[in-house]
Each structure stands twice: as structure tokens, then as C-alpha cells.
Amino acid sequence: MTTIFPIKDMSLSGVLNADVQAAGRKSAIDKGQYQDFKASGQMQASNFVYAGKNVPMPVSVPSAKMTFSPQNITLSNLVAKVGKSDFTANGAINNYLNYVFRKNQLLKGNFNLSSGLIDVNELMGPPSTETKPVANEAKMSVFEVPANIDFNLTVKAAKVSYDKYDISNARGAVQVKDKTVYFKDMALNMLDGTVKMNGSYATINPKKPKVDIDFGIEKMDIQQAFGAFNTVKLLAPIAKFAKGIFSTNLKFNSDLDEHMMPVYSSINAEGLTNIIQAIVDGFEPINKLAASLGSNEFKKLELNNVLTKFKIKDGRLNVAPFDIKTKGMVMNVQDLMELTKPWTISWD
């Protein structure tokens, strides 16, 4: 095959069985009269290996089968391995004839994907060995969602390795449609807790991407969450000084800049956080409170089952008043301003 169709800097091996027939008039496709266009047959790959200069690691496909009809291409029994990552998939691509022969047609598809391990770090390729100043490190750029696809994908992965985090039991559904990626009933276990998410990422205007997320965390370690999520750093900088367990629900929408970071002035969010158990130590407002009371024992603040409601609008973060009871004293946290200003605290 590669002798007939030379492919530069790439090697293929394996066995391919193909028996596909296609015949008919393009006008039948244009009119949606698929019964008048003949397309049938199948392609089956065994022990297929793809490697090349531009491929970070060989792609191995022990088995895959595609069946053709005028209406769709059905994928079955796909088993693939890329480095340490493994995948099995099945599904169908619909409207492919219109997509190939006519302009601006939707390519539709439905797929089920499962994996024992997805090593994102390896799939992204080895880190650069070039030494660069921190200020010049590569930043994320906007990913534009294609306009002419309508795909539904269900995903299940027993384990995912991403950055320094080990993620397990990842599952959910993804829909790609109208320049938007929709996340449905996504869930995973990480940092000793559970993360759940519904929402969307839209590039209808590629220069101003938008996110709209309904996000939940259950019984997660505060310090690990602070290190992992920019959202926690943004909304709760006090978490840097806290050790313990928390749960939260957050509804969040925002514009994104060219580096995929939230535009602060566009953020709108509201949620409820339950600090199940925590100790706050080293937080400057608490240190000042202890100094005012003349007692160092108040420098460490113990929290148990503290519920807090918060809202961000027009770039301002407001926390609804709530009480903290500790060491025989009741403190009332009244407000949090401008995302970075300190808490206002009164006590009885």
C-alpha cells in the first residue's frame, strides 16, 4: 500500500481486509434519496500499527471494523493502544455522503468510548528540554470548536493520569454541536473527593469564548483543592491557610481571554460551601483578631460544619453573613469584597 501511495516519514504495518462498493449519482445524495445510491461493504483492520516522525508514539490497533451503508458508517470492535493508554470504542457516523459531496453539511456521530487508562501527560508528548524563564512559559490558547459536526460521546475511564493528579472512575457524556462543547453528568474521583460537572464551552465568537458550568465537589481535601483548582484560589484565597475537608456547589459563567483564563469583570457565580471540618492557621485577619483579644489561642480557628453562601457579580465577590462558633466565642463573617480584599469580621 505504501509503495503505491508513498507516505513520507510514516510507517504502516498490519493486515487490512476491505470490500467496499459505491455507485450512484450525486443528485441522489443532494436530494437525500440514499436508496438510489449504492454504498456497502466493510473494512477490517488487524494488528495495525501506525508510526512516524510526527507521531509522539506508535498507535496500535489490534482490531477494528467499519461497515458502510448509504446512511452511515458503523464502527465496531475498535481496540486501540497509544503508549500506556488503551481505548475501546463503537458507534456510527451519519450523513457522511452529504458531508463529503456537499458544502456546509453536518457530520453527525454517536460513539461510546471506554478505557482502563488514559495517560494525558504521555499523550501530550514529552516536556520541552529547553530552559525558559518562567515568564515565557507556553500558555494555553483558545480551542475553536468546529461548526459542522454534531457528535455525541459517552466516556468511561477507570483511571486518568493528568499533570500530577491521579483521577479514577471518570464518566459522563460530551456533545459537540453549534461551535459548543456540552458536558453532561460528568463525574470523577480525585484528591480524595468526588467532582461532578454539567456545563458548556462555546466558541460562537472565537475571540470571546464562554464557559457556563454547574460544578460540585464532595468531601475533598482543602489544601489539595487549593493547589489543583484556579477557581478555589480565586473564590476562596483563605483556603491557602486551611487544612481539612469541604464540599461545595458552584454555578459559574464567564468570558475567557486568549489564554483560556476567566475575564474577572465578566464572572457571574453563586454557590454554597460546607466546611465539614477545618483548621485555619496563619490567616492575617485571624492573627489581627487574636492580637486584638490579647490571646494567641485564637490564631488557630477550628471550623466544623460551617455553611457559607457566596455570589460574584460584576467582578465583586460577596459572602452572605454567617456565624463561626469557636472557643466560646461567636464570630460573624459579614462580607468579602473585590475578590482580593480581606474579610470583615465582627464578634460577640
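This is a predicted model: local features need pLDDT of at least 70, side-chain atom pairs count only at pLDDT 80 or more; totals for chains, interfaces and linings use all residues.

Which backbone nitrogen does the side chain of Ser 247 reach? I found that it is the one of Lys 219, at 2.9 Å.

Residues are numbered from 1 along each chain as its sequence is written, and side-chain values use heavy atoms, with hydrogens and water left out.

**Entry: overview.** I looked up the secondary structure and got six helices and 19 strands. These are DSSP runs numbered from the N terminus (helices are H or I, at least four residues; strands are E, at least two). Of the 348 residues, 35% are buried. My classes are buried under 20% relative accessible area, exposed over 50%, and partly exposed in between (1.4 Å probe, protein chains only). I also checked contacts (heavy atoms within 4.5 Å). Taking those between residues at least 6 apart in sequence, 49% join residues at least 24 apart.

**Entry: back to Ser 247.** Ser 247 sits in strand 13, residues 242–255. Ser 247 counts as buried because its relative accessibility is 15%. Skipping neighbours within four places in sequence, I see Ser 247 in contact with Ile 217, Glu 218, Lys 219, Leu 272, Thr 273, Asn 274 and Ile 276.

**Entry: salt bridges.** I searched for a side-chain nitrogen of Lys or Arg within 4 Å of a carboxyl oxygen of Asp or Glu. The count came to two salt bridges. One joins the side chains of Lys 196 and Glu 218, at 3.6 Å from N to O. This pair links distant parts of the chain, with Lys 196 in strand 11 (residues 193–202) and Glu 218 in strand 12 (residues 210–221), 22 residues apart. Lys 196 is partly exposed at 40% relative accessible area, and Glu 218 is partly exposed at 40%.

Another salt bridge joins Asp 255 and Lys 210, at 2.6 Å from N to O. Here too distant parts are linked: Asp 255 is in strand 13 and Lys 210 in strand 12, 45 residues apart.

**Entry: core.** Which residues touch the most other members of the largest nonpolar core? I got Met 190, Met 220 and Phe 229, out of 67 residues. A core here is a set of buried Ala, Val, Leu, Ile, Met, Phe, Trp, Tyr and Cys residues joined through side-chain atoms within 4.5 Å. Not counting residues up to four places away in sequence, Met 190 touches Tyr 165, Asp 166, Ile 167, Val 195, Met 220 and Phe 229.

**Entry: Thr 180.** I found Thr 180 in strand 10, residues 180–190. Thr 180 is buried, with a relative accessible area of 4%. Beyond its neighbours within four places in sequence, Thr 180 has contacts that include Val 145, Gln 175 and Tyr 201.

**Entry: helix 2.** Val 100 is in helix 2, residues 96–101. I logged Val 100 as exposed, since its relative accessible area is 58%.

Definitions and conventions: A polar contact is a pair of N or O atoms within 3.5 Å; within protein, one must be able to donate a hydrogen and the other to accept it, and residues adjacent in sequence count only if both atoms are side-chain atoms.
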